Amino acid sequence: MAEAKSIYGNQLRSKQIKILTKLSHYPAALIVPIVILIFWEIMSRNGYVKALILPAPSGILDAYIELIKSGRLFDNLLISIFRVAQGYVVGAVLGVAVGILIGLFKRVEIAFSIVLGFLRPIPIIAWMPVLILWMGIDEGSKVAVIAIGSFWPILINVVSGIRSVDDKYLEVAYIFEKNKIQILLKIVLPSALPSIFTGLRVGIGIAWMCVVGAELIASASGIGYLIMSSREMLQPDIMFAGVFSIGLIGLLIDSSLRIIEKRLLKWNSNANS
Amino acid sequence: MNTKDSNHLPLIIKKLHKSYKIDSDTVDVLEDINLTVRPGEFISIVGASGCGKSTLLRLIIGLEKNYQGQILHGDKPIKGPSSDRGMVFQQARLFPWLTVEKNIEFGIVGKLSEVEKTKIIEEHIELVGLKGFEKAYPHQLSGGMQQRVSIARALVNRPDVLLLDEPFGALDALTRINMQQEILRIWQAEKTTMILVTHDIDEAIYLGDRVLVISNRPGKIKKNIPVELSRPRERSDYDFVRIRKEIYREFFTQEEKNLEYFI
């Protein structure tokens, strides 16, 4: 099978080429942020921008190192991450379960249509006062708001993944006399998996935004609280260090989910390219 | 190995009508199809696209219902899919999330022990010449190789009848000729009844014991042309070319008639 061997060979070679081109992209990707940082630093040092409003990058870096040394950053981050984990698990489990039911059964979709259509446009933050009223100012309300926030994107992507199963695959299953459970497990769910993953990834992003929002409104700990309290204490460098940590963690979460997705969905040539 | 050999059954189609309802109109797709396929026979069906030849296969496999007339496998009317009949589509329709061997395993109908399963899958991977690719995913295979997997999957239950719906239509010309030789080899080894739908006239003659020409809308069997040539057939043989001309004439008669008017 010479034909086949050369295909494997080509794949290996194209992989190497891909890595090379990826590496060559990095300098270009770094130029823009580096230019921005240098410009910003110069503006701050020359006094064009007041340090109280926008501290210099070097000042933020100092505050960062100080925050890490004192443990304030990690303590607060851990609290926030723990809240996200709790709320996200609830939101994801509900989103996947309800999504599968709605995707599979027309009747469930009809039964839920008005309720879901009514609840979905409500901004997540609008729930915050309601949840505080119900659950108090402690952990409960924050976890709940994260659960609600991550629930929606997961639900929508799961439903569309389940719906988009190719009829041609279902015909094959029908020819080979598979029952409904076999069709669900071997065809519908695997083919919905890329879409489910997209939902999970969008969901965790929103969960992370929700925790910060919740902590900004009412909290005595967490990364959102750190930002809010440093504003009150006129420590803009710490404030910015906190804001940037949020971006950094978000980026970390997203790229690790992408790696997991690539591993799990090896068969999906779209995700690999 | 060929335990089913003794009970190969004929496929009998009597006065088959099939129509679709589009809005309030009824469109006749197939009209008065009568056909008896001998066990082990290789039948080619050619027709213009949209003539209902694919519908005929979908009726035989059991994907389409609501027809008039009779479709019998042996003496049993066809009511739905059965492991006695296998089908290969134009697209391989492999599940991208399953490896080659798992895709073939999906075709197994009924309960088998793991040992039996492994053995049958191995035999069929060998039959279609894909040894060494058991663990490959479909996107790692070429179109021709994907179609081989699809053929293995369709044969894994040792069906009586294998239906081929333009199976090589999406392949390039060289791979197509290669696959035609392969299907011939498999047919000779397995003695499965084969019904091939194609719009490639050469392919129809190269493979079939006879070629059925289906007319356009509604689809009727216009002509039944036996191909009494020994295999392997040579596409440039005098008789091959003669039969090709005969079939061409079925498709392009109208232009000739027009010419007569001009003269």
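Colleague: What percentage of the 273 residues in chain A is buried?

Modeller: Happy to start there, and please keep in mind that this is a predicted model. A residue is called buried here if 20 or more other C-beta atoms lie within 10 Å of its own. Of the 273 residues in chain A, the buried share is 30%.

Colleague: Let's look at one residue, A:L248. Does A:L248 count as buried or exposed?

Modeller: First find A:L248 in helix α10 of chain A, which spans residues 236-264. Because A:L248 has 11 C-beta neighbours inside 10 Å, it counts as exposed.

Colleague: And how many Å separate the C-alpha atoms of A:L248 and A:I227?

Modeller: Along the chain, A:L248 and A:I227 are 21 residues apart.

Colleague: How far apart are the centres of domain 1 and domain 2 of chain A?

Modeller: The domain assignment places domain 1 of chain A at residues 1-48 and domain 2 at residues 63-264. Taking the centres over C-alpha atoms, the distance between the two domains is 29 Å.

Colleague: Which helix of chain A gives the most to the side that touches chain B?

Modeller: Start with the contact itself: 20 residues of chain A meet 20 residues of chain B. On the chain A side, α1 (2-45), α7 (167-175) and α8 (180-217) each supply at least two residues. That side divides into 11 nonpolar, three polar and six charged residues. The helix that gives the most, with six residues, is α7(A).

Colleague: Now for the nonpolar core. Which residues touch A:I146, leaving out those up to four places away in sequence?

Modeller: As general background, nonpolar side chains in soluble globular proteins tend to be buried together. Here the largest nonpolar core has 115 residues, and A:I146 is among those with the most contacts inside it, along with A:V158, A:A207, B:I60, B:L163 and B:I195. Leaving out residues up to four places away in sequence, A:I146 touches A:R83, A:V84, A:G87, A:Y88, A:G91, A:A207, A:C210 and A:V211.

Colleague: Over to chain B. What is the distance between the end C-alpha atoms of residues 11-241?

Modeller: An unreviewed UniProt entry lists residues 11-241 of chain B as "domain: ABC transporter". Over this stretch, chain B is 31% helix and 28% strand. The end C-alpha atoms are separated by 30 Å.

Colleague: Which residue in the hairpin of β1(B) and β2(B) takes a positive phi?

Modeller: Strand β1 (residues 11-22) and strand β2 (residues 25-37) of chain B pair in the antiparallel sense over nine bridges, and B:S19 has B:D28 as its bridge partner in β2(B). The hairpin has two residues between the strands. The residue with a positive phi, near 55°, is B:D23.

Colleague: What is the bridge partner of B:H17 in β4(B)?

Modeller: β1(B) also pairs with strand β4 (residues 68-73) of chain B, in the antiparallel sense and over five bridges. In β4(B), the bridge partner of B:H17 is B:Q68.

Notes:
Residues numbered from 1 in each chain as written. Chains lettered and ligands numbered in written order. Predicted model: local features only at pLDDT ≥ 70, side-chain atom pairs only at ≥ 80, totals over all residues. UniProt positions renumbered as here; feature names shortened; annotations may be inferred. Helix = DSSP H or I, 4+ residues; strand = E, 2+ residues; numbered from the N terminus. Core = buried A, V, L, I, M, F, W, Y, C linked by C-beta atoms within 7 Å. Buried ≥ 20, exposed ≤ 12 C-beta atoms within 10 Å, placed from the backbone. Contact = placed C-beta atoms within 7 Å. Pairing = 2+ DSSP bridges. Nonpolar A, V, L, I, M, F, W, Y, C, P; charged D, E, K, R; others polar. Domains from an automatic or database assignment.
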